[in-house]
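Please look through the sequence and the structure shown here before reading on.

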Amino acid sequence: MATAVITTLDPKSRAASRGMSDITIRNLFIIPTILFLIIFNIFPLIYSLGYSFTDFRASTSAAANFVGLQNYRELLNDPYIWNNFAVTAKYVIVSVVGQVVIGFGTAMLLNRDIPFKGLITTLLLLPMMLSMAVVGLFWKLLYDPSFGIINYALGLGKFEWVGNADMALYAIAMTDIWMWAPFVMLLSLAGLSAVPKHLYEAAAIDRAGSFYTFFRITLPLVAPILMIAIIFRTMEAFKTFDLAYVLSTQPTTEVISIRLYKMAFQEWQTGRSCALAYVVLIMVLAITNIYVKYLNKVKER
């Protein structure tokens, strides 16, 4: 039997006794949210967009002069900025691939009846609940060449992780993988638990191997939710600042967010930093759009 949708207030409710209509109740919840978004999200975006076309510096009282697209042209022709983007792209690839492989693999291991499954899952989720700065400081101690437990466990002596220009970026990526692989695991576990059991039973009757079962049943059905995890983690990895800033000062770990911070708050190139922020925003939106299009194709299969 279909349930009737309530479209009016209950005459006996407190809101009805005060003479409040449905529209009034709706506006009481919606209007403050809209105002909050306008004040703290939309207004700063528009304000910074205006500054991106000027030579404004927040460190001086000089008036901002309109320079048109000059900031954007200089940024796109700056090889140093493109090097920051290359470092960021390398970091995103290593970090996201590692999170997907480890997170999905862990979800596959947990997608069965094992003792203390709930406790194990909860413990694995703890890293993603910590502050990024705290995680960075914690792993900086683990990477310490003198008393860090990682070198001791691997027998590497006084090997430099974050102090090594070639290894620092990978060390930061490994920290990010440790922290956010549980996020991918959680989403993957939800997708795996939703796969109909009768498909595996039919595959077992047909004597299908584990390889065939994984690539023909498990992966195609979990792919949409796995793509959602990849979208979120790619966006966040592209904006990474905390871990890279806390763990290392090597030029090889200067991702684009750190370069943006230095430009805005150390060099005080406010107008140019606003332009760089919009370049980053456009790139993130473009990458996300590609992922979303691919996600729609996966869902259509």
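Which residues line the second largest pocket? In this predicted model, the lining of the second largest pocket is made up of Ala58, Ser257, Leu260, Tyr261, Ala264, Phe265, Trp268, Thr270, Ser273, Cys274 and Ala277. Several of the points below come back to residues named in that list, and the topics run from the chain as a whole to single residues.

**Overall fold**

- The chain contains 13 helices and zero strands, so that its pattern, read along the sequence, is α-α-α-α-α-α-α-α-α-α-α-α-α.
- The chain is more spread out than a compact globule, because its radius of gyration is 25 Å, which is well over the 19 Å that the globule rule gives for 301 residues.
- Of the 301 residues in the chain, 35% count as buried.
- Among the contacts in the chain with a separation of 6 or more, 67% are made by residues 24 or more positions apart.

**The largest nonpolar core**

- In soluble globular proteins, nonpolar side chains tend to be buried together.
- The largest nonpolar core in this model has 56 residues, and Phe85, Tyr91, Tyr143 and Leu276 are those with the most contacts inside it.
- At least two residues of this core are supplied by each of α3 (70-76), α4 (79-110), α6 (132-142), α8 (168-193), α10 (210-238), α11 (242-247), α12 (256-265) and α13 (270-300).
- When residues up to four places away in sequence are not counted, phenylalanine 85 touches Phe238, Ile256, Leu276, Val279, Val280 and Met283.

- The largest pocket holds about 390 Å³ of space, and of the 15 residues that line it, Lys239, Leu260, Ala277, Val280 and Leu281 are the closest to its centre.
- Two or more residues of the lining of the largest pocket come from each of α2 (22-51), α10, α12 and α13, and the largest share, seven residues, belongs to α13.
- By class, the lining of the largest pocket divides into 12 nonpolar residues, two polar residues and one charged residue.
- The second largest pocket has a volume of about 190 Å³, and the elements that give two or more residues to its lining are α12 and α13.
- For the second largest pocket, the largest share of the lining comes from α12, with five residues.
- The lining of the second largest pocket has eight nonpolar residues, three polar residues and no charged residues.

**Residues in helices**

- Threonine 270, which is one of the residues lining the second largest pocket, is found in helix α13.
- Threonine 270 counts as buried because its relative accessibility is 13%, and buried means under 20%.
- Leaving aside neighbours within four places in sequence, threonine 270 is in contact with Phe56, Arg57 and Ala58, and Ala58 is also listed in the lining of the second largest pocket.
- Isoleucine 287 also lies in helix α13, but isoleucine 287 is partly exposed, with a relative accessible area of 30%.
- Apart from its neighbours within four places in sequence, isoleucine 287 is in contact with Thr234 and Phe238.
- Methionine 185 lies in helix α8 and is buried, with a relative accessible area of 2%.
- The contacts of methionine 185, leaving aside neighbours within four places in sequence, are with Gly103, Thr106, Ala107, Leu110, Thr121, Leu124 and Leu125.
- Methionine 185 and alanine 107 are 78 residues apart along the chain, and their C-alpha atoms are separated by 5.0 Å.

**Residues in loops with a positive phi**

- Phenylalanine 116 lies in the loop between α4 and α5 (117-124), and although it is not a glycine, its phi is positive, at about 55 degrees.
- Phenylalanine 116 is exposed, with a relative accessible area of 64%.
- Tryptophan 268 is found in the loop between α12 and α13, and its phi is near 55 degrees, a positive value in a residue other than glycine.
- Tryptophan 268 counts as partly exposed, at 34% relative accessibility, and it is one of the residues in the lining of the second largest pocket.

Notes
Residues are numbered from 1 along each chain as its sequence is written. This is a predicted model: local features need pLDDT of at least 70, side-chain atom pairs count only at pLDDT 80 or more; totals for chains, interfaces and linings use all residues. Side-chain values use heavy atoms; hydrogens and water are left out. A nonpolar core is a set of buried Ala, Val, Leu, Ile, Met, Phe, Trp, Tyr and Cys residues joined through side-chain atoms within 4.5 Å. Buried means under 20% relative accessible area, exposed over 50%, partly exposed in between (1.4 Å probe, protein chains only). Helices (H or I, at least four residues) and strands (E, at least two) are DSSP runs, numbered from the N terminus. Contact means heavy atoms within 4.5 Å. On a 1 Å grid over the protein atoms alone, a cavity is a set of points where a 1.4 Å probe fits but cannot get out, and a pocket is an open set with protein on both sides within 12 Å along at least five of seven lines; lining residues have an atom within 4 Å of a point. Grid points are joined across faces, edges and corners, and a volume is the space filled by probe spheres set on the points. Ala, Val, Leu, Ile, Met, Phe, Trp, Tyr, Cys and Pro count as nonpolar, Asp, Glu, Lys and Arg as charged, and the others, Gly among them, as polar. The radius of gyration is taken over C-alpha atoms; the globule rule is 2.2 Å times the number of residues to the power 0.38.
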